Amino acid sequence: MNHLIQVTKADGTQELFEEEKLVNSLRRVHATPQTIDEIVENIGMSMKPGMTTSEIYHQAFSLLRRHSAPVAVKYSIRRALLELGPDGFPFEKFIARIFRMWGYETLTDQEVMGACVSHEIDVVAWKGESLAMVEAKFHNGIGLSSDIKVALYVKARFDDISANNFDYGGTVRKLTERWLITNTKFTDRAIHYGECQKLKMIGWNYPAKQDLHNIIEQNGLHPITCLISLTRDQKRDLIGRNILACSDLLKEPEVLHAIGTKLDVASAALEEARTIVESAK
C-alpha cells in the first residue's frame, strides 16, 4: 500500500494515510487476521489522493459485513451514535440508559436552580446518597471534538449548581458527581483540565479501557441505530418509544408491530438484534 497518499479527514484537513490506524480499528472489533489482510489489500488497491476517511470506513464496513455481521456492527458503533441525532435529545436518553444500567434512577431534560441562575441539565441520576448531573454533549460529525471551552463551561455550571440541595427520589441531596459525556473525542487540553478539576468525563477516546465504545461493547448496549434491517424512520420511531439499544428491542419485540413494521422486516430486525447482543456476551 502506498503510505504517501494524503487522505481527507472528517474535519476537512488532510493527513498521510496510516495503514496501522486501519489495522488497529479492525483489531479492536476482533476481525480475524485473514479479514484484516483482505480489507487492507482491497482498500490499498482503491486508494487515491484525497480519498476521505468516510469512504475508507464504508469500504471496510462493506467488506466486514461479508465476513461477519456482528463484527461489522461493532465497527459501526461510532456512526450509529451519530444517527441518534440530528438533535441531542436521543443521545441524552441513551446516556440515561447507561446510568440505569449502573443502578441509578434517572430523569432527562431537567431544570435546576444554582446559586445565581437556573440551568438545563441533560441527565440527572441518583442512587443511595449519590446525586449525579450530566452534560451530554452531542456532536453531529465525527470530526468534531469537545474542547477546553466545553469543559470550562460545564465546570462553571456545576460550580453554580453545587451551592444548592436537590430533592430527587424523595431524598434531599447535594450534587456529588459531575459528568461530561460526549459521542466524539475530547481534546488533550480538555482531558487535562477535566482531570485537574475532578470532572468525570467519558468520550470516544477517554478514559482508557472505559471509553464510550468499551462501555457499549462490554455491556451489550449497541444503539438501535446499528440495525441495518430497519429504515432510518423506523429507528426514529423506536427511539421515540424509548427503544434505545438492541437489547431493549429484544425485551419488547411487540413494539415493531406497534410502529407498523412488516412481519418479514420485524423478523429480520429481531434476528439481527439477537445476533448483535449475543456476540457481546
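**Figure 1. Helix α1 in the lining of the largest pocket.** Helix α1 gives five residues to this lining, the largest share. The model is predicted: local features need pLDDT of at least 70, side-chain atom pairs count only at pLDDT 80 or more, and totals for chains, interfaces and linings use all residues. Residues are numbered from 1 along each chain as its sequence is written, and side-chain values use heavy atoms, with hydrogens and water left out. Helices (H or I, at least four residues) and strands (E, at least two) are DSSP runs, numbered from the N terminus.

**Figure 2. The largest pocket, with a volume of about 1,100 Å³**. A pocket is an open set of points on a 1 Å grid over the protein atoms alone, where a 1.4 Å probe fits, with protein on both sides within 12 Å along at least five of seven lines. Lining residues have an atom within 4 Å of a point. Volume is the space filled by probe spheres set on the points, which are joined across faces, edges and corners. Of the 30 lining residues, Lys21, Ser25, Arg78, Ile142 and Lys185 are the closest to the pocket centre. Two or more residues come from each of β2 (14-16), α1 (19-28), α3 (53-67), α4 (69-75) and α5 (77-82). By class, the lining holds 13 nonpolar, seven polar and 10 charged residues. Ala, Val, Leu, Ile, Met, Phe, Trp, Tyr, Cys and Pro count as nonpolar, Asp, Glu, Lys and Arg as charged, and the others, Gly among them, as polar.

**Figure 3. Packing of helix α6 (residues 89-101) on helix α9 (residues 212-219)**. The angle is about 55°, and the axes lie 12 Å apart. Axes are lines fitted to C-alpha atoms over the stretch in contact, with angles from 0 to 180 degrees between N-to-C directions. The crossing of α6 and α9 is left-handed (near helix turned anticlockwise from the far one by less than a right angle). Phe91, Phe94, Ile98 and Met101 of α6 meet Leu212, Ile215, Ile216 and Asn219 of α9; contact means heavy atoms within 4.5 Å. Seven of these residues are nonpolar, one is polar and none is charged.

Figure 4. Most residues other than glycine have a negative phi, and most peptide bonds are trans. Gly85 and Pro86 are joined by a cis peptide bond, with omega about 15°. Pro86 sits in the loop between α5 and α6. Tyr206 to Pro207 is also cis, with omega near -10°. Pro207 lies between β11 (200-202) and α9. His30, in the loop between α1 and α2 (33-46), has a positive phi near 65°.
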